[in-house]
Amino acid sequence: MRILKNFGLILLFFTLFVLCGKGFHYLLIDDTQSYTRLMMHEFYHQKNIDHLFVGSSHCYAALDPEITDEIFCADTFNAGSSLQAQDASFALIREAVERFHVKHIYLEMYYLMMSNDEYKDREQLTGTYIISDYMSPSLNKARFLLEASSPKYYVNSFLPARRNWEGLLHPSEMRELISKKQTEAYKKFTPFAGYRTKGFVANQGEIPGGLLLDTAGFDVIHTEAPSSDWLKTIRQIIEYCGKKGVSLTLFSAPMTLFQTAGVGNYDDYIALVRSLTEGTSADYADFNLCREKYFDQTPDLFSDAGHLNEKGAETFSRVFASYFTGKITADDLFYASMEEKISAAGPQILGLSYLDSGDGMRKLKIVDTFSGKAMYSVTLEGTDGISKVLKDMDPDPYFEISQEEHGTLLIQAEDITAEIGV
Amino acid sequence: MVPFLFRLKILQRKSGFEMVLNSLRFASFFLIFLSVLLILPKKIRKYWLLAGNCLFYLSWERRACVFLLLSSLMIWLCGLGLRGSADSGQQTVVSSQKTERRKSLFLIIPLVWNVGLLIFFKYTGSFASVLGRAGVPFSAEAVIAPLGISFYTLRCISYMADVWRGTIQPVKNPLDVILYVSFFPQIISGPIERPARFFSELDAFQKKNLWNFSLIWQGFLLFVWGLFQKIVLAERLSVISAHFFSDYTAFGFWELLLASLAYTLQIYCDFAGYSDMSRGIAGMMGFSLMRNFRQPYLAIGIKSFWRRWHISLTSWLTDYVYIPLGGSRRGLLRKYVNIVIVFLVSGVWHGSTLNFIFWGLLHAFYQILADLWDRTGRRLPGWLIWYITFAEVNFAWIFFNAGGLNRGFRIIRQMFSGFAFPSELDTGLIPGNLVVLGLGLAVLLLVDVLHERKVSVFRKVFALPLPLRWLIILILFWSVIMLGIYGIGYDTSSFIYAQF
């Protein structure tokens, strides 16, 4: 009897400890603008999920469940989140499969995720925490957090309030946060800004006309050295879905041609992902290969080089659902390769991809559809009125300007000319 | 002359799975260890404790555990040998001489082995650097002392000396000796428990009901209090002291004074924190370990300070060095010589570099000075004695922390090179951390003052009604979680006394 009483007391103490943690979380963690808080709340309150979409921001900005529900004639849910790595996707998949009668999972495969740090070497866990903070307590959550980082991050992972301990020294900020959390909108999980429903976030931005100037696509995709954790987790997901009898499709949401052409070897990435699905029950669909008649990757469908905007998402959601419901065939929808798509696009200068080199210089790369077969001339018309020739009939698309140099770059590739402000 | 290179590569610290008391790894280990211990039959508790000790030690050292095992077995065997010699019945003068010789041998062999090992592992590096300076290319940077060797060597010597003196009976079961030498809460930084007390605790451990939740709570509270001192206070203080001392030439008197005060408090919070954690862990397992600190910075007089600071080492040195040398029984001069020897041993034990020896001699000087003053019969006000004591201790810590004697003197010289008060004082800590540090030190001072007034804070807490008691435990626990410096970019093996 005494032992039972003592165990009861330990349980009570543990409960109080957890409640204190919840209290600190309430006082210190500002999630009043968190999309994933809304998404995870909706996720746990679904009656059922037949089709689940998981992945990064490219996923949550691309698929609108209101449209896919209608075309699939089923319950779909978009559980994408910013910086969602494969381990977070896997945790969400397990969470969904254990709770709902999931029939099909669509795992979005943004190529940069492949080069992320190994889980134990991670120093930034934002992508992990924006999911884990709203997961219900379970072994699945514990496993996810234990594997997501080195033990040095465990306290921050399991007791989120600890991340913002300095907030304890700013009572005015705490008061402000409490008042924000006391609003009906917060309490009732009212959607805000671009959040629509069932995880879809509508990007409102639009790429301004003309050439793109963006950091995306500066470097080739290092398909020769994918992160071993990335590979391992994808294989685990394939195995898990196979065991649970859930269909799995890996997919890439459309990006601008600027980005996929910019990297120069996007076909290598497609080959790598295809090789992962070979001999398994999973398949892969890369919507960057869409033919223009179904999905023309014009700038007005994107909010930046890699993300669809609301209009793009609406178009893409229809194409996506139509394809997976057999309304469009693969041969009809897709080019065979990125190379084929780029050559079909005809000669174009798409923009400039850049990188700050850190020594006061900007490294730039001309992104086009010439596939390395053009000669380039580049002139900088400075704001001070002085012209400077940076390249003259040179096959190398890379060049540098200092961070202080501003003006208009006149670019000529073969007989195509373009200009862009820098 | 053909230069030769003598490279010793005996041990490699860092198994990659080190368990330090303030790490999550240790917390997980201990939670499992304690849970199993609670449900095991009494008869096999000792074996489980042995398994825990092994796992803990192996998490740090793989090959070096052989030295610990050899030391333990040697003192066990020699202890039995000593008793055997003493019990050999009526003897003639000749056989008595033989017996005495044999008895001495049983004492000397383990002493030479243990002290030899300690000297080899701790001082080969210094020896090599002396040789190097003399032009002999002798490199021994790869000789790394096995974990806790300074502490378990003293425990081994304690055991042998006590058996030799007849204070304790030699232990028949080698397992008990191994448990004494390798007891995991104490292995890294003490306290240096005496064999008599440990074996009586071990005996009680096998008999008592460990389902005493009051004991577990008390141990837990003590552990968390130690953790608070270490990761909330000591870690913040270390930032201040390192900020100024690492680049001391850029600072003047006030900054370096602040740094020395920070270090003075840091070493206390660090070591007393470790000792409390160690006692707390042992307490949860049903062991009551000796207190290692008794509000040392509230001491009025340097003698009093040494009765309160690292009590287990001070009493060890008193019992096994000072008293055997004659203590104060052989005249004043001999007493002072003995004091110098004791503090010299203490300095050498802490480290092989000259700054530790100087630190020890400085304290010997303080002791002699205080003794001479006492003999004049004059009395100073208590607050003044406290101030002088604190200043003396604080001054000596500068050398202790300097990393070399010359550097210590250079810091002192730099301190007195300029007295301009800095217009802006950057301590290396952000304001939020300074607030936490200030509040934390206030709590520590309050607890120490209450202890000084014979009010046992822990007993008081446990006499409170349950809700209040839990409130205090929860506040302390959450303070550690929220305000502790740990995790990312933090080396859990950074206990100051773990290096000795």
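Reader: Let's start with A:Gly326. Which stretch of chain A holds this residue?

Author: This is a predicted model, and in it helix 14 of chain A covers 310–324. Helix 15 of chain A then covers 330–333. A:Gly326 sits between the two, in the loop from helix 14 to helix 15.

Reader: Is A:Gly326 buried or exposed?

Author: Count the C-beta neighbours inside 10 Å and you get 7 for A:Gly326. The cut-off for this class is 12 or fewer. With 7 neighbours, A:Gly326 therefore counts as exposed.

Reader: And how many Å lie between A:Gly326 and A:His25 in space?

Author: Along the sequence, A:Gly326 and A:His25 are 301 residues apart. In space, going C-alpha to C-alpha, the separation is 46 Å.

Reader: Over to the strands of chain A. How many residues of strand 3 are buried?

Author: Strand 3 of chain A runs over residues 104–108 and is mostly covered. Out of its 5 residues, the buried ones number 4.

Reader: Which residue of strand 3 is the bridge partner of A:His51?

Author: Strand 1 of chain A, residues 51–54, pairs with strand 3 of chain A in the parallel sense, over 4 bridges. For A:His51, the partner in strand 3 is A:His104.

Reader: Which residue in strand 5 of chain A stands opposite A:Tyr106?

Author: Strand 3 also pairs with strand 5 of chain A, residues 247–252. That pairing is parallel too, with 5 bridges. Opposite A:Tyr106 you'll find A:Thr249.

Reader: How about the domains of chain A: which element gives the largest share of the side of domain 1 that touches domain 2?

Author: The contact involves 14 residues of domain 1 and 13 residues of domain 2 of chain A. On the domain 1 side, strand 4 (212–214) and helix 12 (257–262) of chain A are the elements that give two or more residues. The largest share, 4 residues, comes from helix 12 of chain A.

Reader: Now chain B. How many Å separate the centres of domain 1 and domain 2 of chain B?

Author: Chain B is assigned domain 1 (6–210) and domain 2 (214–499). Taken over C-alpha atoms, the centres of these two domains of chain B are separated by 26 Å.

Reader: Which helix of chain B gives the most to the side of domain 1 that touches domain 2?

Author: In chain B, 30 residues of domain 1 are in contact with 31 residues of domain 2. Helix 1, helix 4 (93–133), helix 5 (149–165) and helix 7 (195–207) of chain B each supply at least two residues on the domain 1 side. With 5 residues, the one that gives the most is helix 5 of chain B.

Reader: Where the chains meet, which helix gives the largest share of chain B's side?

Author: Here 15 residues of chain B are in contact with 20 residues of chain A. Helix 1 (24–39), helix 16 (431–452) and helix 18 (466–483) of chain B are the elements giving two or more residues to the chain B side. By class, that side has 12 nonpolar, 2 polar and 1 charged residues. The largest share, 6 residues, comes from helix 18 of chain B.

Reader: Last one, on confidence. Which element of chain B has the lowest mean pLDDT?

Author: Chain B has a mean pLDDT of 88, and the model scores ipTM 0.76 and pTM 0.82. Residues 1–13 of chain B stay under 50 in pLDDT. Helix 10 (residues 302–308) of chain B has the highest mean, 97, while the lowest, 38, belongs to strand 1 (residues 6–7) of chain B.

Notes
Residues are numbered from 1 along each chain as its sequence is written. Chains are lettered from A and ligands numbered from 1 in the order in which they are written. This is a predicted model: local features need pLDDT of at least 70, side-chain atom pairs count only at pLDDT 80 or more; totals for chains, interfaces and linings use all residues. A residue is buried if 20 or more other C-beta atoms lie within 10 Å of its own, exposed if 12 or fewer, and partly exposed in between; C-beta atoms are placed from the backbone. Two strands pair if DSSP finds at least two bridges between them. Two residues are in contact if their C-beta atoms, placed from the backbone, lie within 7 Å. Ala, Val, Leu, Ile, Met, Phe, Trp, Tyr, Cys and Pro count as nonpolar, Asp, Glu, Lys and Arg as charged, and the others, Gly among them, as polar. pLDDT is the predictor's confidence in each residue, from 0 to 100. Domain bounds come from an automatic or database domain assignment.
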